Amino acid sequence: MIIKGSTVAFTGTKEQEAELREFLKANREVSGVLMPALQKAQGIYGYLPEEVQKIIAEELDIPLAEVFGTATFYSQFTLNPKGKNEIAVCLGTACYVKGSGEVLAKIEEELGIHAGECTSDGKFSISATRCIGCCGLAPVLTVNGDVYGKVVPEDVKGILEKYQ
């Protein structure tokens with residue numbers, strides 16, 4: 001599996017790095033510290049770019065591959081930043097059989113990114129999700145928690161324009 005890098009440049013600050021390094025130094029001897037370290041880092045930065053993973057590996061004296069493997073194994077972690085407008089397209093059974101795959105493809109086409117990515121201007125990110133509990137409205141997508149039901153690909157452009 002190939003993991004694509006972020007389309008948004010990493011913009012971490014010295015203050016963020018200092019906060020993370022302080023946490024890591026204070027907890028480096030704690031058994032099982034990698035998970036709390038990743039949670040702390042994601043809390044500080046909002047995601048876990050390669051630059052942050054390298055800091056964790058360096059401070060905890062563990063291989064970068066172990067940090068990356070853990071970060072990609074657990075769904076609570078993300079390697080890419082979230083956009084100002086977070087789009088989630090349900091690919092659960094009810095939505096999928098009613099065309100959510102085509103809706104997702106249209107969103108990806110309109111924004112020029114794929115699920116799991118963020119636009120270079122930081123305005124939009126897309127995630128493919130499982131059932132969000134609105135099966136009667138299938139296919140469903142959300143933007144920042146706003147629910148859109150019975151969506152067809154032709155609706156996508158108008159929905160996105162609301163968030164420009």
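What percentage of the 164 residues in the protein chain do buried residues make up? Buried residues account for 39% of them, where buried means under 20% relative accessible area, exposed means over 50%, and partly exposed is in between (1.4 Å probe, protein chains only).

## Before you start

This is a predicted model, where local features need pLDDT of at least 70 and side-chain atom pairs count only at pLDDT 80 or more, while totals for chains, interfaces and linings use all residues. Residues are numbered from 1 along each chain as its sequence is written, and side-chain values use heavy atoms, with hydrogens and water left out.

## The whole chain

Let's start with the overall layout. The protein chain has 7 helices and 4 strands; these are DSSP runs, with helices being H or I of at least four residues and strands being E of at least two, numbered from the N terminus. Reading from the N terminus, the order is α-α-α-α-β-α-α-β-β-β-α. The C-alpha trace spans about 55 × 30 × 25 Å along its principal axes.

Now for contacts, meaning heavy atoms within 4.5 Å. Of the contacts with a separation of 6 or more, 62% come from residues 24 or more positions apart.

## Two aromatic pairs

A pair of aromatic rings is described by the distance of the centres and the angle of the planes. Rings of Phe, Tyr and Trp (its six-membered ring) pair if their centres lie within 6.5 Å; planes under 30 degrees apart are stacked, over 60 edge-to-face, and the rest tilted. By this rule, the count is 2 aromatic pairs.

One of them is Phe10 with Tyr45, a tilted pair at 5.7 Å centre to centre and 45 degrees between the planes. Phe10 sits in the segment before α1 (14–27) and Tyr45 in helix α2 (residues 34–45), so the pair ties together parts 35 residues apart in sequence. Phe10 is partly exposed at 31% relative accessible area, while Tyr45 counts as buried at 12%. Phe73 and Tyr74 also pair up, edge-to-face, at 4.9 Å centre to centre and 85 degrees between the planes. Here Phe73 is exposed at 63% and Tyr74 is partly exposed at 35%.

## A look at Gln42

Gln42 is found in helix α2 and is buried, with a relative accessible area of 17%. What does the side chain of Gln42 reach at 2.8 Å? That would be the backbone oxygen of Gln76. Leaving aside neighbours within four places in sequence, Gln42 is in contact with Tyr47, Leu48, Gln76, Phe77 and Thr78.

Key:
Polar contact = N/O pair within 3.5 Å; in protein donor to acceptor, adjacent residues only side chain to side chain.
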